[in-house]
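Hi,

Here is the structure I promised to pass on. Have a look at it first, and my notes follow below.

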Amino acid sequence: MQPGTHFSFGDHKEHGFVASFTSSIPQHLAHWFLEREQFDPVPDEPGLYRLSEPERDGPRRTRQAVHDLRRRGYIVQADIRLEPALSTGPRRPVRPHGLQERRSRLALAAAGRTTQRSTPPTASPPSARPIPPKSTYAPTVHLTVAAGGRSR
């Protein structure tokens, strides 16, 4: 292991994809980073973490963890098959009608003209409605009290 290494990643015959940290990084900080990268502590083996759900694209997720930690400035040692720069796994297939196509359709719709209005809006402010003339007649209303009861 090279001097100053913070994390190590590799394969384990029993636990699958594993990670560990060295004494050059505080334990609580290493624990926090590895949990964010979806590695869980292995019971009865202090300092060893295994990838949760390794059958769900484990090699790619482990390479991504190596990449993320290096991008944050940590020195990471990884097995050759888990090294992001040296091993490129098969590209994930692009689903038809995926997110990129949906975004393109939304962008085109936002850039196009709308059919909601047939005439362009006027420059007058929205409060410029015509006010009806005030009536000169104001009727007077007299309320009557019902006999033998309280008024409502």
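**Strands and sheet**

H12 has G16 as its bridge partner in strand 2. Before going further: this is a predicted model, where local features need pLDDT of at least 70 and side-chain atom pairs count only at pLDDT 80 or more, while totals for chains, interfaces and linings use all residues. Residues are numbered from 1 along each chain as its sequence is written, and side-chain values use heavy atoms, with hydrogens and water left out.

Back to those strands. Strand 1 and strand 2 make a hairpin with three residues between them, and their antiparallel pairing runs over six bridges. Two strands pair here if DSSP finds at least two bridges between them. Strand 2 (residues 16-21) is also joined to strand 4 (residues 48-51), again antiparallel, by three bridges. In that pairing, S20 stands opposite L48 of strand 4.

Zooming out, the chain has three helices and five strands, in the sequence pattern β-β-α-β-β-α-β-α. Helices (H or I, at least four residues) and strands (E, at least two) are DSSP runs, numbered from the N terminus. The five strands form an open sheet with the order 3-4-2-1-5 and mixed pairing. At its edges sit strand 3 (39-41) and strand 5 (76-78), each pairing on one side only. Neighbouring strands in this sheet are turned by 30° against each other on average, direction ignored.

Helix 2 (residues 58-71) packs on the sheet and touches strand 1 (7-12), strand 2, strand 3, strand 4 and strand 5. The direction of helix 2 makes about 155° with that of strand 5. For such angles, axes are lines fitted to C-alpha atoms, for helices over the stretch in contact, and the angles run from 0 to 180 degrees between N-to-C directions. Contact means heavy atoms within 4.5 Å.

**Core and aromatic rings**

Of the 152 residues in the chain, 24% count as buried; the classes are buried (under 20% relative accessible area), exposed (over 50%) and partly exposed (in between), with a 1.4 Å probe and protein chains only. In soluble globular proteins, nonpolar side chains tend to be buried together. Which residues touch the most other members of the largest nonpolar core? They are F7, F9, L34 and F39, in a core of 19 residues. A nonpolar core is a set of buried Ala, Val, Leu, Ile, Met, Phe, Trp, Tyr and Cys residues joined through side-chain atoms within 4.5 Å. Two or more residues of this core come from each of strand 1, strand 2, helix 1 (27-36), strand 4, helix 2 and strand 5.

Not counting residues up to four places away in sequence, F39 touches F9, F17, V18, A19, L34, Y49, R50, L51, T62 and A65.

A search of the whole structure turns up five aromatic pairs. Rings of Phe, Tyr and Trp (its six-membered ring) pair if their centres lie within 6.5 Å; planes under 30 degrees apart count as stacked, over 60 as edge-to-face and the rest as tilted. F9 and F39 are edge-to-face, because their ring centres are 5.4 Å apart and their planes are at 70°. F9 lies in strand 1 and F39 in strand 3, so the pair ties together parts that are 30 residues apart in sequence. Both F9 and F39 are buried.

W32 and F33 are edge-to-face too, because the centres are 5.2 Å apart and the planes at 80°. W32 counts as partly exposed because its relative accessibility is 41%, whereas F33, at 11%, counts as buried. F7, W32, F33 and Y74 form one aromatic cluster.

Y74 lies in the loop between helix 2 and strand 5 and, at 18% relative accessibility, counts as buried. Leaving out residues up to four places away in sequence, Y74 touches H6, F7, I25, L29, F33 and L69. Y74 and I25 are 49 residues apart in sequence, with their C-alpha atoms 9.2 Å apart in space.

**Two backbone spots**

Most residues other than glycine have a negative phi. D44, in the loop between strand 3 and strand 4, has a positive phi near 65° and counts as exposed at 80% relative accessibility. E53, in the loop between strand 4 and helix 2, has a positive phi near 50° and is partly exposed at 43%.

Cheers
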